[in-house]
Amino acid sequence: MDEPRSDSVQDASLRVRSAYSQPDSGALEDWQDLDLAHIDRCGPPNLHLTPGTASTRTAFSSPGSHPPAKHSAPSSGQQWQSSPTQTQAPPTFPSQNPPKYLPLPCICLLLLTHRTFKGIPDCWRASAWHAFLSASASASAHNRKSDAELACLYKVYIATPSIYDVQIDLDVPRTVQGHVLFRHRYSGGQRLLFQVLHSISLMFPHIGYVQGMASLVATLLCYYNEESAFIMLVRMFQERHLDRLYEPGFTSLKSIFEDFNSKLSTRKLGKILNSLGIHPSIYLTTWYLTLFNYSVPFHTQLRMWDIFMLLDDPDSLLQATSLALLHSLKHQLVNADFERAMDLLSKRVLIENDDVLMRRVKIELNAIESESIRRKFAIRFDRLRES
Amino acid sequence: MRADTHDIPTLKVLLVGNSNVGKTAIFERFVDDFYDPETTTATIGVDFRSKIVEVRDTKVKLNIWDTAGQERFRSLTSSYFRNALGALIVFDLSVYETFEQLPLWFRELRTYSSDQQVATVVVGAKLDKVGSRVVNRSEGMAMADKNGAGYIEVSAKTGVGVVEAFEMLIGRIMDTPALWKDGDVLARTDSVVAVDQVEEGTRYCGC
């Protein structure tokens with residue numbers, strides 16, 4: 001329906017890209033007119049992220065309060081320093097020669113999972129997320145490109161037109177507008193956001209650009225420079241199979257919704273929502289396509305992303321997180337009518353205590369995993385009996 | 001809005017149109033009388049709000065479904081079209097392409113809504129951008145007439161025409177005998193239809 005003629009696409013792409021192609025200043029122009037002492041901010045994305053550089057990201061535009069993330073152990077920063085994933089500390093990612101990370105040994109995975117569920121200290125987040133995804137990429141059976149190769153590709157893509165440029169340009173100025181990084185039209189964070197999304201649309205031409213991706217890139221840009229944000233999103237698409245969510249026609253997404261629906265329908269809350277006529281697709285579309293960026297406060301989203309980056313089972317994790325989120329709304333939902341329920345589900349869910357929510361995610365995840373193990377054994381048992 | 005609202009007929013209406021034409025801004029101006037360019041975000045999937053309004057001495061509850069504009073989302077959003085009684089088809093007065101796509105939106109509505117007759121109003125948005133206007137009023141009205149729709153120009157920024165647009169739509173629903181009979185709507189439904197589970201004749205009632 002909106003596949004314009006190719007020459008006009010080329011022209012429009014050129015027009016849009018030239019608007020964003022200002023001299024490369026690494027978005028520092030965003031900071032020049034600010035008195036940094038008086039704002040609570042995230043670190044400029046091109047700075048090396050060492051522990052302590054990136055302070056709390058409360059400038060991010062999410063309504064509601066921003067209690068600092070609570071880490072149960074007072075020395076969780078130190079814990080992470082001695083964490084099995086790191087061979088050296090502190091890492092200075094990104095850099096020309098990214099630090100080498102050991103593949104995660106199985107014996108430590110339990111401890112690592114335990115610690116990640118408690119929340120990665122913010123100063124370690126960029127390194128940890130990168131380590132998790134890199135470990136998955138190097139363990140992958142597919143021949144994955146290295147960080148350096150992806151960085152080269154990124155440079156090539158910047159100079160290549162994309163048919164999605166006009167749509168990306170429409171969405172860039174309305175992505176996390178309240179954030180200090182994204183407030184200048186065509187420059188600073190907006191330029192980085194545009195370029196990363198543009199490159200992703202060329203890296204995955206079968207998917208292109210889909211609304212919702214901007215939220216992912218904006219989150220990544222709070223922790224990484226543009227090249228690294230691109231690399232991270234590529235890894236998220238490939239190693240966490242996020243690309244399936246955005247496929248044309250949304251066939252995978254729809255079947256994921258149906259799986260979720262059949263799981264939810266067995267519960268009391270699911271029956272209530274069904275009787276109101278509220279199908280999970282209504283709220284899950286936003287939850288999944290922005291990876292909860294629209295649906296919870298930013299500090300909560302980061303806790304969810306910690307686990308998402310660590311574990312290589314995105315389907316179960318998305319399901320567990322959504323069930324936990326519904327659980328936190330349960331008391332309000334059971335007595336709600338259609339309008340009230342829709343209102344609760346389409347607004348940002350204010351989470352009072354991230355730790356409580358994450359414990360619930362863990363419970364749900366364990367239940368899903370034991371269920372699938374049970375099912376596998378049942379199938380094997382049936383086969384044995386037949387033979 | 002609990003027990004006493006149960007006798008009020010519920011009308012399901014849609015907001016459709018290309019990406020970034022201002023559907024959500026119109027929706028928020030109407031429901032909350034609120035406009036803030038600093039908080040706009042792209043709608044992913046659908047958004048829903050409800051509001052009770054009085055038109056021609058009749059109270060009705062409007063259940064408004066605000067849909068994502070990007071072409072890619074059409075396979076998801078079209079499942080919300082079913083059982084809609086009316087739709088505001090929005091275009092941006094300052095972007096000609098969004099006006100050119102209107103016939104496709106009419107076709108989309110006819111294809112996916114269960115009732116062949118959906119009351120429609122063409123809404124020219126961003127009226128406040130005086131200098132950059134590229135679609136003139138007579139052109140817009142001609143397009144609306146051709147498709148049997150009402151026509152109105154609005155600005156969510158100033159609030160001009162927003163309430164009138166919804167009132168015009170409700171009026172057109174009331175004037176369509178197939179949709180409205182003996183002072184009551186025939187299809188009183190919020191109809192949330194499961195994706196890919198659209199069975200003929202199935203109507204979920206969300207009242």
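A crossing is called left-handed if the near helix is turned anticlockwise from the far one by less than a right angle, and right-handed if clockwise. Helices themselves are DSSP runs (H or I, at least four residues), numbered from the N terminus. The model is predicted, so local features need pLDDT of at least 70 and side-chain atom pairs count only at pLDDT 80 or more, while totals for chains, interfaces and linings use all residues. Residues are numbered from 1 along each chain as its sequence is written, chains are lettered from A in the order in which they are written, and side-chain values use heavy atoms, with hydrogens and water left out.

Begin with helix α6 (residues 147–158) of chain A and helix α10 (residues 226–239) of chain A. Their axes come within 9 Å and cross at roughly 110°, where axes are lines fitted to C-alpha atoms over the stretch in contact and angles run from 0 to 180 degrees between N-to-C directions. That makes α6(A) roughly perpendicular to α10(A); angles of 65 to 115 degrees count as such, those under 35 as roughly parallel, those over 145 as roughly antiparallel and the rest as oblique. The crossing of the pair α6(A) and α10(A) is right-handed. Contact means heavy atoms within 4.5 Å, and the residues that make it include Leu150(A), Ala151(A) and Tyr154(A) of α6(A) and Phe230(A), Ile231(A) and Val234(A) of α10(A). By class, this contact of α6(A) with α10(A) has 7 nonpolar, no polar and 5 charged residues. In this division Ala, Val, Leu, Ile, Met, Phe, Trp, Tyr, Cys and Pro count as nonpolar, Asp, Glu, Lys and Arg as charged, and the others, Gly among them, as polar.

Lys155(A) pairs with Glu227(A), the closest N and O atoms being 3.3 Å apart; the rule asks for a side-chain nitrogen of Lys or Arg within 4 Å of a carboxyl oxygen of Asp or Glu. Because Lys155(A) lies in helix α6 of chain A and Glu227(A) in helix α10 of chain A, the pair ties together parts that are 72 residues apart in sequence.

Helix α10 of chain A also packs against helix α5 (residues 122–139) of chain A, at an angle of about 50° and with the axes 10 Å apart. The two, α5(A) and α10(A), are therefore oblique to each other, and their crossing is left-handed. Among the residues in contact are Trp129(A) and Leu133(A) of α5(A) and Met232(A) and Met236(A) of α10(A).

Further along chain A, helix α15 (residues 314–334) and helix α17 (residues 354–386) pack at an angle of about 130°, with their axes 8 Å apart. The crossing of α15(A) and α17(A) is right-handed. Their contact has 9 nonpolar, 5 polar and 2 charged residues.

Now turn to the interface. Chain B and chain A bury about 3500 Å² between them, 54% of it on carbon and sulfur atoms; buried area is the accessible area (1.4 Å probe) that two parts lose on being put together, summed over both. In chain B, Ile44(B), Gln70(B) and Arg72(B) lose the most area to chain A, together 20% of what that side buries. The contact takes 43 residues from chain B and 42 residues from chain A. Across this interface of chain B and chain A the rule finds 1 salt bridge. The side chains of Glu339(A) and Lys61(B) meet in a salt bridge at 2.9 Å, N to O.
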